[in-house]
Amino acid sequence: MGAVIEVRELRKLYGTTVAVDDVSFEVDENEIFGIVGPNGAGKTTTVECLEGLRRPDAGRIRVLGLDPGADARALRRLIGCQLQESALPDRMRVWEALDLFASLSPRGGDWRALTRQWGLRDKHKAPFGALSGGQRQRLFVALALLNAPKVVFLDEMTTGLDPAGRRVAWDLVADIRRRGTTVVLVTHFMDEAERLCDRIAVLKGGRVVAVDSPDGLVSRFAPGVRVRFTADHADVSWLSEVPHVHEVGRDGAQILVKGDGPVLALVAAALVNHGLVPEDLTAERADLEETVLRLTE
Ligand code: ADP
């Protein structure tokens, strides 16, 4: 599958503020591609350049083979954008917004199906001003999907949703992809990125510090396994001779063994061989959140 988005050496300034310094990545067809990083890293600016909403100062962008600067009109028919800060007139009703957007879209989709999927069916007569934050958020995602886009950009899609609403949104995004749409997802939630994204670009200070799958990021940038157990007063310093063990220490009442790869199985076997059978033996790996923190600190 080919790249549907190509970004090369993208640079964007606001006055003298360098928002995006040097960003390059590719998004493959039908991927869910995440963009993460701390506030001010340049995520939204990057996505707005891809959507044709901002003009880069340098670099080359192609989205579905089009240049978002020069071919903005053509591109708008093919992509969907859920913007981070959107607003509609307070008195506009949900169905009116959907109907209006559908009428503007050449491939104007069935907005009734979207209101069902995004849990807005009971709200379709409600005015925008009376919607909760989560309902507004779901309406903006539904609006972004109205033209059955080939690529959809979701910027902090689940901000403001409650935990149940987030899970529903995740399932819907997975479903959007199953129907053949490529998804670019800007998010602050690492559980969301870990769960949904095939690959993730980590941004910091307007630069890409890493692009990889969630597992790839963890194993490249925060490798290692920590094994813990309680051993009362037994001397377990001999564990440092066990293959794949790097360090044996204490953490409060527990023994903490740092290692890699199959260290848990090897430590467990060695303990049993020495007549020790701790009941609380556990292993932890860094998760994506810890990895991204390490990469962007
Ligand atoms: P992120 O989405 O990762 O939080 P942004 O792309 O919003 O990052 O912002 C990147 C940098 O550009 C920040 O320093 C931010 O303050 C600045 N910035 C963003 N939008 C504007 C704007 N409209 N005018 C001036 N500076 C901006």
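Modeller: The largest share of the lining of the largest pocket comes from S5, with 4 residues. In this predicted model, local features need pLDDT of at least 70 and side-chain atom pairs count only at pLDDT 80 or more, while totals for chains, interfaces and linings use all residues. Residues are numbered from 1 along each chain as its sequence is written, and side-chain values use heavy atoms, with hydrogens and water left out.

A pocket here is an open set of points on a 1 Å grid over the protein atoms alone, where a 1.4 Å probe fits, with protein on both sides within 12 Å along at least five of seven lines; lining residues have an atom within 4 Å of a point. The lining of the largest pocket has 22 residues, and Arg 76, Ile 79, Cys 81, Phe 101 and Leu 143 lie nearest the centre of this pocket. Two or more lining residues come from each of helix H2 (72-76), strand S5 (79-82), helix H3 (94-104) and helix H5 (133-145). These elements are DSSP runs numbered from the N terminus, helices being H or I with at least four residues and strands E with at least two.

By class, 13 residues of this lining are nonpolar, 5 polar and 4 charged. Nonpolar covers Ala, Val, Leu, Ile, Met, Phe, Trp, Tyr, Cys and Pro, charged covers Asp, Glu, Lys and Arg, and the others, Gly among them, are polar.

The space in the largest pocket is about 670 Å³, a volume being the space filled by probe spheres set on the points, which are joined across faces, edges and corners. The second largest pocket holds about 280 Å³ and is lined by 15 residues.
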